[in-house]
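Here is a short briefing for someone meeting this structure for the first time. It goes topic by topic.

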Amino acid sequence: MKYNIYILLLFACVTGVLTAQDTAVKFEATVSKSELGVNERLRIEFTMNKDGDNFMPPSFDGFQVLMGPNQSVSHSWVNGKRSFSKTYSYILNPQAKGTFTIKQAAVEIDGEIYKTTPITITVTEAVNDPNAPPSATEIAGDNLHLVAEVSNTNPYLNEAVSVVYKLYVSPRINVSNFVPKANPTYNNFWSQDIRVSRYQVETGLYKGEQYRYVVLKKTVLYPQKTGKLEIEPLALDVTVDVPTNRRDIFGGRLYNQINKTVTAGRRTLTVKPLPEQGKPAGFTGAVGQFNFDVVASKSDLKANESLTAKLKVTGTGNLKLFELPKLILPSSLEVYEPELVEDVTTTLSGSKGTISNNYTIVPQYKGKYPIPSVAFSYFDPVKGKYNTVTSQQLLINVFEGPTNDEDVADAGAGVVKQSIAADDNQFRFIKLSTELIPKSTSVFFGTTLYYLLLLIPLLGIPIAILIGKKRAEMAGDLIGNRVRKANKLAKKYLSEAKRNIGDKEVFYESLERALHNYLKAKLKIVTSEFSKEKISELLLSNNVENQVVDDFIAILKSCELARYSPSSKAAMEEDYQKSADVISKIDKQFRK
């Protein structure tokens with residue numbers, strides 16, 4: 001009997017020790033592999049055998065977190081013993097080759113802090129693994145492309161070259177935002193941007209596949225040097241929504257949102273010099289297709305009157321990068337410095353419009369003055385040759401004025417400013433006789449204005465009484481005030497929803513408020529009466545078509561579901577447009 005008691009005591013001690021060992025706290029980190037390629041993914045798990053709080057993961061330096069933290073908890077009973085396990089897991093993507101250390105994670109269990117042991121990971125060259133599913137970054141890289149389309153890679157000096165930047169997006173992914181990261185500076189080019197007022201989504205082919213694309217930027221360049229010139233690339237930081245195989249509780253597909261940097265790449269132009277053979281003597285650098293003419297505002301006038309001679313170039317090309325020819329006139333004409341007038345717009349084919357030098361001319365003497373013809377030369381890059389356009393000779397006939405003994409028709413003289421000759425009729429003398437009109441005096445008392453000012457306050461009394469009664473009626477109209485207030489709030493929240501397209505939470509909250517307040521104003525109901533069945537019944541009873549009612553209810557449901565599922569900017573714009581359309585249809589069909 002005595003030995004049995006000793007055996008029982010020994011068994012109790014051993015059991016207590018084993019139980020104490022089983023309940024000891026364990027918190028450790030494990031990885032799927034300690035060596036992996038730069039194109040592979042790493043799974044790391046932090047496991048504890050007791051429930052803990054305030055889990056603090058490491059910083060994961062050198063890795064990008066693709067998924068996580070994912071939490072799992074398990075309970076089990078084996079041979080009457082309870083076991084517990086709680087795990088935090090992450091999926092990581094290495095950012096570069098090398099050796100990295102995943103530092104300690106920490107958790108609080110029973111008031112004490114426990115930490116894991118650091119783990120060393122070696123990242124090697126990319127490995128071939130045809131069975132590994134592509135990462136979100138790889139999917140985005142294969143389905144997102146920024147392209148710079150250059151109209152001509154072998155232009156002449158000063159010939160217009162258009163560059164159009166397009167962002168191609170595959171239907172397999174969505175883009176929710178993009179921010180310019182590096183803009184080209186266009187060294188050795190004279191550049192002119194064409195403003196893109198709004199981004200419009202279009203469809204087209206990229207390497208034989210159907211893509212959506214958006215034109216981001218349009219620029220026209222004029223090379224200022226010959227030889228090989230580089231166009232620096234445009235770079236964008238794009239927020240990409242990549243679909244996964246997981247779905248939410250409503251069956252909608254879940255998306256992984258990543259940031260991807262895309263660049264258009266450097267483009268090189270080989271700029272040809274303008275040919276020396278056949279270059280006219282008066283060529284000043286005009287490249288394009290132009291028309292030239294000299295036009296006078298009048299051909300017959302008196303001495304000391306003025307006219308305008310306009311040297312005008314019209315067409316497409318580098319209109320702002322060359323000089324107009326000079327106008328040579330007889331020395332007997334007073335000529336002022338020309339005024340440069342530009343009416344130029346920029347298109348993808350180059351600058352288009354008219355530039356002109358306007359000369360103000362004042363003849364001083366009677367006679368006939370020829371305006372000699374003027375030659376204008378330009379280089380046509382399409383034909384690859386120079387053209388010279390010569391204007392017609394004009395004749396100015398001064399039919400009245402003093403005569404000059406010198407040869408006033410000397411067309412070979414340069415442009416010289418002459419003093420304007422004065423004659424006896426040029427200035428008017430001050431009148432010596434006056435015709436003063438006495439200022440009439442009148443008495444204000446008894447006039448029409450006097451009685452009008454006297455009666456206006458008396459007439460204002462009944463008007464003020466009517467306005468006061470109207471305001472009192474409006475204050476007592478509780479239902480009307482409620483409807484007007486709801487209508488005002490509907491417009492406010494609908495405008496707020498439009499401003500917040502791109503911010504899912506704010507957009508759908510504003511849109512739902514706008515729809516609710518619209519119903520308050522239209523159906524004269526309060527918030528407590530809101531239900532989809534009640535709304536449908538009231539709209540149908542007021543002659544609103546079934547399809548319009550169904551569309552309205554569908555928009556309400558879309559606002560509710562959008563809070564629990566991802567949504568792109570395009571989807572928000574579509575929901576906003578649907579809301580505006582269905583409100584417009586209800587207004588037209590609603591029976592007042």
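**Strand pairing around S30**

Five bridges join strand S27 (residues 367–371) to S30, and the two run antiparallel. Helices (H or I, at least four residues) and strands (E, at least two) are DSSP runs, numbered from the N terminus. Two strands pair if DSSP finds at least two bridges between them. The model is predicted: local features need pLDDT of at least 70, side-chain atom pairs count only at pLDDT 80 or more, and totals for chains, interfaces and linings use all residues. Residues are numbered from 1 along each chain as its sequence is written, and side-chain values use heavy atoms, with hydrogens and water left out.

- Ile371 has Leu394 in S30 as its bridge partner.
- S30 (residues 394–400) also pairs with strand S22 (residues 300–302), in the parallel sense over three bridges.
- Lys302 stands opposite Glu400 in S30.

**Sheet S2-S10-S7**

- This open sheet has three strands in the order S2-S10-S7, with mixed pairing.
- Strand S2 (35–37) and strand S7 (98–102) stand at the edges with a single partner strand each, so one side of each has no neighbour in the sheet.
- Neighbouring strands of this sheet are turned by 30 degrees against each other on average, direction ignored. Axes are lines fitted to C-alpha atoms, for helices over the stretch in contact, and angles run from 0 to 180 degrees between N-to-C directions.
- S7 pairs with strand S10 (residues 119–124) in the antiparallel sense over five bridges.
- Thr101 stands opposite Thr120 in S10.

**Sheet S4-S8-S9**

- Another open sheet has three strands in the order S4-S8-S9, with antiparallel pairing.
- Its edge strands are strand S4 (53–56) and strand S9 (112–115), and each pairs on one side only.
- From one strand to the next, the twist averages 25 degrees.
- Strand S8 (residues 106–109) and S9 run antiparallel, joined by four bridges.
- Ile109 has Glu112 in S9 as its bridge partner.

**Aromatic rings**

- A search of the whole structure finds 21 aromatic pairs. Rings of Phe, Tyr and Trp (its six-membered ring) pair if their centres lie within 6.5 Å; planes under 30 degrees apart count as stacked, over 60 as edge-to-face and the rest as tilted.
- Tyr168 and Tyr211 form an edge-to-face pair, 6.4 Å centre to centre with 80 degrees between the planes.
- Tyr168 lies in strand S12 (residues 161–169) and Tyr211 in strand S16 (residues 209–223), so this pair ties together parts 43 residues apart in sequence.
- Tyr168 is buried, with a relative accessible area of 6%. Buried means under 20% relative accessible area, exposed over 50%, partly exposed in between (1.4 Å probe, protein chains only).
- Tyr211 is buried too, at 4%.
- Tyr206 and Tyr211 have ring centres 5.4 Å apart and planes at 70 degrees, so this pair is edge-to-face.
- Phe27, Phe46, Phe55, Phe60, Tyr88 and Tyr90 form one aromatic cluster.

**Largest nonpolar core**

- The largest nonpolar core has 29 residues, of which Leu144, Leu146, Tyr165, Ile231 and Val240 touch the most other members. Such a core is a set of buried Ala, Val, Leu, Ile, Met, Phe, Trp, Tyr and Cys residues joined through side-chain atoms within 4.5 Å.
- S12 gives the largest share of this core, five residues.
- Tyr165 touches residues including Val147, Pro184, Tyr186, Ile231 and Ala264, not counting those up to four places away in sequence. Contact means heavy atoms within 4.5 Å.
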